[in-house]
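Me: I am new to this structure and would like a close look at a single part of it. Please start with some background and then turn to the core.

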Amino acid sequence: MKQNNKFYALISLPGIIYLLSIVLFPIIFTVYLSFHKYNFIETPLSNIRWIGLGNYITIFKDTTFWNSALNTGIYLVVGVVVELAIGLGIALLIFRLFKNQNIVTSLILLPSMMAPIVIGLVFRFMFNPQFGVFDFLLSKMGIVIENSVLGNRSTALLGIIFADIWQWTPFIAIIILSGLIALPHEPFEAARIDGANGFEILTNITLPLLRPVLTVAILIRMADIVREFDKIFVMTYGGPGAASEVLNFTAYRINYINFDMGVGSAYVVVIFAIVILLSVAVFKTFYVNEF
Amino acid sequence: MDYRRRKAIQKFLQVSVIAIVLLVFLFPIIWTFITSIKDNVTAWSMPPKIFFSPSISNYVEIFKERGLHHNIKNSIIVALGATAISLVLGTPLAYMFARTRYRFNNFLFIFVFASYILPPIVLSIPLYVAAARVGLLNTYLVVILAHSSFCMAFTVWMLRGFFEEIPVEIEECAMVDGCSNLMTLFKVTLPIATPGLVATVIFCIILSWNDFMYALVLTGMDTRTLPVAVGQFLTPHGMFWGQMCAAGVIATAPVLVFSLFFQRYLIRGMTAGAVKG
């Protein structure tokens, strides 16, 4: 047994060291930068000046930050809720029909496998006011949006969320489906004998049993949404104005367009903290380990 | 009889709903493909033309004029490099997670998960600053390192699930027969886990292939990967929609083909632990 411990330590050590040096130390360096005044173009790294929480105060006083935070929040709530709702519906439907994964589940998952950048471009194309198919359909339905969906302050973010929902709902659906397939049969039989109807079974048995799977799905989606960048970059570039800027995008702009990496690092630390907090919150709320 | 008919109608309705759902989710992909084989005049006509003579001019242009094959080559180099690192270093780590119950395992696994969900921008800043300092910006190495962070986390996460499905008893048998720990891993466990390994490799490559942000920040003219090149079809002077769609199809086609075959492993690996199969 002693020898086993040595074996496992020996084989896993290179991986652990590598992951620490490529992830943990860089994060520490970013945190370190966030307490300094540092412009990548103007200041050499040896000349950076410690300003304590200065960068964070700058951020929290800036309306840009709160605008981006609000947009991130809207994106998170609308995206996750809609994707979960539709995803659950699709999963239940597929489960009823086929009881298992098949060609339908493979096909439906294709959008989630595509590069987000390609999806962003495709949706930008389809939302194009002159020859986009969505704008054509909307105008056929009698809905006219000034400057088209992505060019309008109040709908630009919704357009991006729409593309996100299209891309990730199938993924949620298939994850939930895999959970459904693995559920035990006994509780359902018992409920049916006791005379429960479909809706009661869904809310009282299926959903509670699916909790761990739902947690995984929500976690993955939330982390993905907070770091969403590609689609916004090509669909609106945060515009019009800053109407569709999320935190991640503002951070990119400050770091790599303004090269103001002190403030930028503080932004990044805030984003990372949000991801961690959200994950912990979801774990605490949903992941009740009953085994 | 009446019951049977009602059942049949119900089934028909459900199948048609699924068909509509499928159509909705596949429509943009189909639309991109159709646009990519239209010439510029047909692509711009609204309402869209259903019947047209297909042309491959867009595909010819993106290779001849824009040299997309260089970007494809870059993407392949980066993806293979990141996947190789992840597999070599991640597999033993995943094996350790699956076979041991050390006290620090939980903490370590949370760290691995955090590496997976880590927003690219967090890691991009230190990498950018460090790479600029030692002159590694615009090289393959820095992008490979960046991609290996999430690829490796993904590898550990996926493979742990696959290793856990392999009964320990098989390994114990091999050891009773005189295999060392290392021999057992290579001669028994890894061969059994081959489907999982293959699926992990495929999805690592896809993750790296699809990444835009690291590549945007860390690559230059010579090392630009495919997604960055695709993003550059967006110019202030106008859009080359036909070419853009063609490049999109090129970037998407291999992903779609591979994922069609390996998806079931992806879901199985990712939800392992959350799903009691």
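What percentage of the 291 residues in chain A do buried residues make up, and what does the largest nonpolar core look like?

Reply: The model is a predicted one. Buried residues make up 44% of the 291 residues in chain A. Chain A has 14 helices and 2 strands, and its C-alpha trace spans about 75 × 75 × 30 Å along the principal axes. Of the contacts in chain A between residues at least 6 apart in sequence, 71% join residues at least 24 apart.

One helix of chain A shows what being covered means here. Helix α6 (residues 116-126) of chain A has 11 of its 11 residues buried. Among them are A:Pro116, A:Gly120 and A:Arg124, as well as A:Phe123, A:Phe125 and A:Met126.

Now to the core. The largest nonpolar core holds 156 residues, and the members that touch the most others are A:Ile176, A:Ile271, B:Leu218 and B:Ala247. Helix α7 (residues 140-165) of chain B supplies the largest share of this core, with 16 residues. Domain 1 (2-36) and domain 2 (68-271) of chain B both give residues to this core, so the core lies between them.

Leaving out residues up to four places away in sequence, A:Ile271 touches A:Val226, A:Leu247, A:Asn248 and A:Ala251 in chain A, and B:Pro119, B:Ile121 and B:Val122 in chain B.

The two chains also meet along a contact that takes 75 residues from chain A and 71 residues from chain B. On the side of chain B, helix α13 (residues 241-271) gives the most, with 14 residues. That side of chain B divides into 50 nonpolar, 16 polar and 5 charged residues.

Within chain B, the centres of domain 1 and domain 2, taken over C-alpha atoms, are separated by 34 Å. The contact between these domains takes 4 residues from domain 1 and 6 residues from domain 2. The residues on the side of domain 1 are 1 nonpolar, 3 polar and no charged.

One helix of chain B remains. Helix α4 (residues 68-99) of chain B has 32 residues, which at 1.5 Å a residue should span 46 Å; its end C-alpha atoms are 45 Å apart, so the two values agree.

Methods. Residues numbered from 1 in each chain as written. Chains lettered and ligands numbered in written order. Predicted model: local features only at pLDDT ≥ 70, side-chain atom pairs only at ≥ 80, totals over all residues. Contact = placed C-beta atoms within 7 Å. Helix = DSSP H or I, 4+ residues; strand = E, 2+ residues; numbered from the N terminus. Nonpolar A, V, L, I, M, F, W, Y, C, P; charged D, E, K, R; others polar. Expected span 1.5 Å × (residues − 1). Domains from an automatic or database assignment. Buried ≥ 20, exposed ≤ 12 C-beta atoms within 10 Å, placed from the backbone. Core = buried A, V, L, I, M, F, W, Y, C linked by C-beta atoms within 7 Å.
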